[in-house]
Amino acid sequence: MKFKYLVLFGCLTLGLLSVSRVITSTKYKCMIQMTNYNGEGAYVVISLINPEGEYEKTLYVKGDDPEWYNTVESWWQFYGKKRHNIDAITGATVAGGERSIEVIHIEDSKIDTGYSIRFETAVEDSEYYTSDVQFPLTSDNIKLKHEGKGFIRYIRMMPN
């Protein structure tokens, strides 16, 4: 009788292992250097963009007051409809001239496969930049310094 249960357990275990897929990801330190601007702290949303140019996942949000999320307009159209729980990936806004370092997780399968990363910024009673910084997620590109077009002076990422 024990042998029968052992065989059954072994078959179930092998079946689950063959069906499950291990998803590996790498942690990256992401430094955001802001320009010297006057005004409130910036909301910065870091998103994974799929090869079709659509939002796939929110990686980090600088700004923890949901009342202002709608000022990050393009991302809000994605996030606002689904309202995924992002509490674990939020932090305070970042002001003009400040530097912020966050750790973000990127699935290894998204590198060198047509995905990109987008840094979107908005400041209360000021401007909004849909793609303040955006670049393709390639093995080489992820290690480079990327200049911003709005509130972000530049960003740098490195494996953690």
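Where is aspartate 64 found? Aspartate 64 lies in the loop between strand E3 (55–62) and helix H2 (73–82). The model is predicted. Two open sheets are described below: one of 5 strands and one of 4 strands.

**Five-strand sheet**

- The strand order is E4-E3-E2-E6-E7. The sheet is open, and its pairing is mixed.
- Strand E4 (90–91) and strand E7 (128–136) are the edges. Each has a single partner strand, so one side of each is left without a neighbour in the sheet.
- Strands E2 (residues 42–49) and E6 (residues 116–123) run antiparallel and are joined by 8 bridges.
- Two residue pairs sit on the E2 and E6 strands. Valine 45 is opposite glutamate 120 in E6. Isoleucine 46 has phenylalanine 119 of E6 as its bridge partner.
- E2 and E3 also run antiparallel, joined by 6 bridges. Here isoleucine 46 stands opposite tyrosine 60 in E3.
- The hairpin of E2 and E3 has 5 residues between the strands. In this hairpin, glycine 53 takes a positive phi near 85°.

**Burial of strand E2**

- Buried here means under 20% relative accessible area.
- In E2, Ala42, Val44, Ile46 and Leu48 point one way. Tyr43, Val45, Ser47 and Ile49 point the other way. All of them are buried.

**Four-strand sheet**

- The strand order is E5-E1-E9-E8. This sheet is open too, with antiparallel pairing.
- Strand E5 (99–107) and strand E8 (146–147) form the edges, and each pairs on one side only.
- E8 pairs with strand E9 (residues 152–159) in the antiparallel sense, over 2 bridges.
- Glutamate 147 has tyrosine 154 in E9 as its bridge partner.

**Surface charge**

- A negative surface patch is formed by Glu40, Asp64, Asp65, Glu67, Glu124 and Asp125.
- Asp64, one of the patch residues, is in the loop between E3 and H2.

Key. Residues numbered from 1 in each chain as written. Predicted model: local features only at pLDDT ≥ 70, side-chain atom pairs only at ≥ 80, totals over all residues. Heavy atoms only, no water. Pairing = 2+ DSSP bridges. Patch = residues over 30% accessible without salt bridge, like charges linked within 9 Å, V, L, I, M, F, W, Y side chains within 5 Å. Areas by Shrake-Rupley, 256 points an atom, 1.4 Å probe, with all protein chains shown as cover. Salt bridge = Lys/Arg side-chain N within 4 Å of Asp/Glu carboxyl O. Lys, Arg positive; Asp, Glu negative; His and termini not counted. Charge placed at Lys NZ, Arg CZ, Asp CG, Glu CD. Buried < 20%, exposed > 50% of the residue type's maximum accessible area, 1.4 Å probe, protein only.
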